[in-house]
Amino acid sequence: MGAAMYILQVLALVFLVAIGLAVLAVVLLYLIDTTQTGDAIRRNYPVIGRFRGWFSKLGEFFRQYFFAMDREEMPFNRAQRDWVYHATKGKDNTVAFGSTRNLNIPGTPIFVNAVFPPLDDQFSATEPMVIGPMAKVPFVARSIFNISGMSYGAISRPAVEALSRGAAAAGIWLNTGEGGLAPFHELGACDLVYQIGTAKFGIRDEHGNIDDAKLAAVGARPQVKMFELKLAQGAKPGKGGILPGEKVNAEIAAIRGLKVGQPGISPNRHREIDTFEDLLDMIVHIRRVSGKPVGFKTVIGSSDEWERMFQLIVERGPESAPDFITIDGGEGGTGAAPMPLIDLVGMPIREALPRIVDLRDRYGLKERIRIVAAGKLVNPADVAWAICLGADFVTSARGFMFSMGCIQALKCNRNTCPTGITTHDPRLQKGLVVEDKYMKVANYAKAVIKEVETIAHSVGVSEPRQMRRRHVRIVQADGSSIPFSKLRPSYRGDTAT
């Protein structure tokens, strides 16, 4: 009995102390709120005004899990993410009962199934495609779906390792991003596309210019299959990237050619490229020094401006042409960018892609220049749509982030990514187990390719790149749909567009 009373007394004391501390905390918060001058709500409504800030921060998570419908979220809805998550398991990814997609929303693509599709044993399969036939070492690309640029530094070491090994297992290429070639890119022995950003990280001299000796050394690496000159990306056209100095450790500094603690600042454009003439000259130079195919990545503001480049290529000859052009849509993503650029600058991929494809084909360069589509294309329907419109390849970054477990926490710019993908915090990186995630990367890529081939089979062709604009209809404002070939006839030269 005495022991029980003693325990009750202790609990009562603990309760009183807790109440006292709570009251003290409220008093302190009250004094802080009434004396501070930066927040009017907290000044006028001390203590309870703090709940507004807390709820605002928690709102994005509550909406994601409890309130938003499957196809309502931005930038990627739950249905899109769930498809990727299921695909990473390498198992059946079918659904039951019926589609949850509203097929009456303007802009929705609807694929045109063939009346008499090929039999099941006449399946569609993706054929390898040569990029850069005029390079010393052309690249025979095996896959239509590949990994877009994500730099080591912007994403973590285990994330790069998982992507490298997953790319090798799936037979796809991995773009290094503009942060240079890290040892972890090469761990999986996958095909690599070396991206040259405006700061020339990894191949720069002390003045920030291309060092031909370093360029040749990178080109001599057998895993490096191509070089991509980055002019712009969809999330921030006209704006260079910044890797904060606190992220630049000895390892990243050595890879990028920086000093420890020195911010990795990329200019908003290449200083030595002022005209299309300069751009073509640079492409030819990089191809000559490296021996590998060379293309560029950009965002389209107006397709009219780009006609001059294609005219120059015709005047100079096919050897002056880029081997590929990567078109990033204005809806592209990044770790950090000003909101006006993310929201309002750059043509969406659904408008930019057919415009550049048409320019290329109009000038007779279809077999010379490959088109790569990027920008929020993560599901099979996105990839098939881009192929129908004339893309030769599709690349994705955020889709592969989802395959590694990204939950769209929107913390990419804070070094607090809860899944270990975009953080350099060792504690958070523990959550990304490379041995598990690389297989999920591979399974996702294989699932996308398989289902694109399924769509191609359904529309009646034997290879995905045989899909044409007539094979996809676009829903209009009144709910009816029109073949894309009528909305924007192609310049392929074939009678059935």
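The side chains of Lys 230 and Glu 178 are joined by a polar contact of 2.7 Å.

User: Before we go on, what kind of model is this, and how are residues numbered?

Analyst: It is a predicted model, where local features need pLDDT of at least 70, side-chain atom pairs count only at pLDDT 80 or more, and totals for chains, interfaces and linings use all residues. Residues are numbered from 1 along each chain as its sequence is written, and side-chain values use heavy atoms, with hydrogens and water left out.

User: How should I read a polar contact?

Analyst: A polar contact is a pair of N or O atoms within 3.5 Å; within protein, one must be able to donate a hydrogen and the other to accept it, and residues adjacent in sequence count only if both atoms are side-chain atoms. Here the backbone oxygen of Lys 230 also lies 2.9 Å from a polar atom of the side chain of His 270.

User: Are Lys 230 and His 270 buried or exposed?

Analyst: Buried means under 20% relative accessible area, exposed over 50%, and partly exposed in between (1.4 Å probe, protein chains only). Lys 230 is buried at 9%, and His 270 is buried at 2%. Lys 230 lies in strand β7 (residues 224–230), while His 270 sits in the loop between β9 (264–265) and α8 (276–290). Helices (H or I, at least four residues) and strands (E, at least two) are DSSP runs, numbered from the N terminus.

User: Which residues does Lys 230 contact, leaving aside its neighbours within four places in sequence?

Analyst: Contact means heavy atoms within 4.5 Å. For Lys 230 the partners are Glu 178, Gln 195, Ile 196, Gly 197, Thr 198, His 270 and Lys 297.

User: How do I describe two packed helices?

Analyst: By the angle between their axes and the distance between the axes. Axes are lines fitted to C-alpha atoms, for helices over the stretch in contact, and angles run from 0 to 180 degrees between N-to-C directions. The axes of α11 (residues 349–362) and α12 (residues 380–388) come within 10 Å and cross at roughly 30°. Angles under 35 degrees count as roughly parallel, over 145 as roughly antiparallel, 65 to 115 as roughly perpendicular and the rest as oblique. So α11 and α12 are roughly parallel to each other. Ile 349, Arg 350 and Leu 353 of α11 meet Asp 382, Trp 385 and Ala 386 of α12.

User: How covered is α12?

Analyst: Mostly: eight of its nine residues are buried, among them Trp 385 and Cys 388. Just after α12, Gly 390 takes a positive phi of about 120°.

User: What does the largest nonpolar core look like?

Analyst: A nonpolar core is a set of buried Ala, Val, Leu, Ile, Met, Phe, Trp, Tyr and Cys residues joined through side-chain atoms within 4.5 Å. The largest one has 107 residues, and those with the most contacts inside it are Met 309, Leu 353, Phe 400 and Met 467. Helix α15 (residues 434–459) gives the most to this core, with 13 residues.
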